Amino acid sequence: MDAVRLILASRRALAGSGDAPTILAEVWQAQSLAQAIGSRLAVSGPPELRGEALGLTELAGRGCGVLQAPDLEPGDLRAAQLTELDDARQALLCLGGLLGEVGIALVGVASAADDEGTYWQCMEAIDAADESRDRVREMLRKLAAREAALPEREAG
């Protein structure tokens with residue numbers, strides 16, 4: 001499935017989740033998807049993005065690692081459904097939005113947490129989501145610079 005469709009499905013699922021365990025499961029799904037997208041871009045994306053994409057893969061993996069992996073059926077893991085990443089720019093724009101929503105959702109869970117363990121788990125996941133979003137922004141900046149340089153190369 002296309003990355004943009006998977007990201008949109010994650011955004012809908014996160015928006016529709018109500019209780020803390022469901023939100024944390026959706027956050028894990030989103031970080032797992034970010035990890036898969038980063039991995040795909042690191043291997044076969046534009047050369048300018050590969051270093052940042054590798055960083056995204058590592059940060060999103062950290063985001064998954066601080067959260068308990070949800071009990072999912074094999075077909076329910078969105079990251080495993082990623083088969084296409086045709087438009088890197090559009091996928092990164094959508095992923096940046098998803099990671100922002102992940103941070104907001106985690107703030108809500110942390111604010112309502114009854115125990116310190118959940119609170120600190122959320123804080124670490126917020127950091128990972130924020131740093132992942134920074135990587136996405138940097139990749140978008142590099143794509144924009146690459147696209148701006150193309151007409152100059154063609155004219156020269």
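1. In this predicted model, α2 and α4 are roughly antiparallel to each other (the term for angles over 145 degrees, with under 35 counting as roughly parallel), because their axes cross at roughly 150° and come within 10 Å. Here the axes are lines fitted to C-alpha atoms over the stretch in contact, with angles running from 0 to 180 degrees between N-to-C directions.

2. Where α2 meets α4, the residues in contact (heavy atoms within 4.5 Å) include Ala34 and Ile37 of α2 and Leu95 of α4. By class, this contact has 17 nonpolar, 1 polar and no charged residues.

3. The packing of α1 with α4 has an angle of about 20° and axes 9 Å apart, and these two helices are therefore roughly parallel to each other. Among the residues making the contact are Ile7 of α1 and Leu95 of α4, and its residues divide into 10 nonpolar, 3 polar and 2 charged.

4. The largest nonpolar core has 43 residues, and those with the most contacts inside it are Ile37 and Leu95. Such a core is a set of buried (under 20% relative accessible area, 1.4 Å probe) Ala, Val, Leu, Ile, Met, Phe, Trp, Tyr and Cys residues joined through side-chain atoms within 4.5 Å. The helix giving the most to this core is α4, with 12 residues.

5. Leaving aside neighbours within four places in sequence, Leu95 is in contact with Ile7, Ala34, Ile37, Leu56 and Val136.

6. Residues are numbered from 1 along each chain, and side-chain values use heavy atoms, without hydrogens and water. Local features need pLDDT of at least 70, side-chain atom pairs count only at pLDDT 80 or more, and totals for chains, interfaces and linings use all residues.

How values were computed
Buried means under 20% relative accessible area, exposed over 50%, partly exposed in between (1.4 Å probe, protein chains only). Helices (H or I, at least four residues) and strands (E, at least two) are DSSP runs, numbered from the N terminus. Angles under 35 degrees count as roughly parallel, over 145 as roughly antiparallel, 65 to 115 as roughly perpendicular and the rest as oblique. Ala, Val, Leu, Ile, Met, Phe, Trp, Tyr, Cys and Pro count as nonpolar, Asp, Glu, Lys and Arg as charged, and the others, Gly among them, as polar.
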